[in-house]
Amino acid sequence: GSLLAAQVSNTVDSSRAAEGQAAKAAVGKADLVDVVTAISAAEVQMETMIAFRDQAIQAYQEISRMAI
């Protein structure tokens, strides 16, 4: 449970940081490199979360196919 909660929290934090950097860049207060770095970090976190979700779904499907 805590591993999933931590992963979700990290994903949300990375997304918020990327949004903040993009907003700063829009008004000329952030370097483009910082924006790209923040967006890349958010993308990696999201891909990790999606992979975790896919593994959980696959495990559930395998368990549901087992004979009782």
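Guide: One term before we start: a polar contact is a pair of N or O atoms within 3.5 Å, and within protein one must be able to donate a hydrogen and the other to accept it. Also keep in mind that this is a predicted model.
Visitor: Okay. How far is the backbone oxygen of Gln7 from a polar atom of the side chain of Thr11?
Guide: The two are 2.9 Å apart. That is within the 3.5 Å limit.
Visitor: And where is Thr11 found?
Guide: Thr11 is part of helix α1.
Visitor: Is Thr11 buried or exposed?
Guide: Buried, because its relative accessible area is 7%, and buried means under 20%.
Visitor: Leaving out residues up to four places away in sequence, what does Thr11 touch?
Guide: With those left out, Thr11 touches Gln45, Met46 and Met49.
Visitor: Which other residues of α1 are buried?
Guide: Besides Thr11, the buried residues of α1 are Gln7, Ser14 and Ala18. The buried residues of α1 pack against α2.
Visitor: How does the span of α1 compare with what it should be?
Guide: α1 has 25 residues, and at 1.5 Å a residue they should span 36 Å. The end C-alpha atoms of α1 are 36 Å apart, so the two values agree.
Visitor: What about the 34 residues of helix α2?
Guide: Helix α2 covers residues 32–65 and should span 50 Å. Its end C-alpha atoms are 49 Å apart, so that agrees too.
Visitor: Let's go to the part between the helices. Where is Val27?
Guide: Val27 sits in the loop between α1 and α2. Val27 counts as exposed because its relative accessible area is 59%, and exposed means over 50%.
Visitor: How far is Val27 from Thr48?
Guide: Their C-alpha atoms are separated by 31 Å, and the two residues are 21 residues apart along the chain.
Visitor: What follows α1?
Guide: Gly28 follows α1, and the phi of Gly28 is positive, near 80°.
Visitor: New topic: the surface. Which residues make the nonpolar patch?
Guide: Leu3, Leu4, Val8, Val12 and Phe52 make a nonpolar surface patch of about 410 Å².
Visitor: Where does the largest share of the nonpolar patch come from?
Guide: Helix α1, residues 2–26, gives the largest share, with 4 residues.
Visitor: How far apart are Leu3 and Asp34?
Guide: In sequence they are 31 residues apart, and in space they are 28 Å apart, C-alpha to C-alpha.
Visitor: How exposed is Asp54? And Arg53?
Guide: Asp54 is partly exposed, with a relative accessible area of 38%. Arg53 is partly exposed as well, with 43%.

How values were computed
Residues are numbered from 1 along each chain as its sequence is written. This is a predicted model: local features need pLDDT of at least 70, side-chain atom pairs count only at pLDDT 80 or more; totals for chains, interfaces and linings use all residues. Side-chain values use heavy atoms; hydrogens and water are left out. Patches are made of residues with over 30% relative accessible area and no salt bridge: like charges are joined within 9 Å, nonpolar side chains (Val, Leu, Ile, Met, Phe, Trp, Tyr) within 5 Å. Accessible areas come from the Shrake-Rupley method with a 1.4 Å probe; for residues, only the protein chains shown count as cover. A salt bridge is a side-chain nitrogen of Lys or Arg within 4 Å of a carboxyl oxygen of Asp or Glu. Helices (H or I, at least four residues) and strands (E, at least two) are DSSP runs, numbered from the N terminus. Buried means under 20% relative accessible area, exposed over 50%, partly exposed in between (1.4 Å probe, protein chains only). Contact means heavy atoms within 4.5 Å. The expected span of a helix is 1.5 Å times one less than its number of residues.
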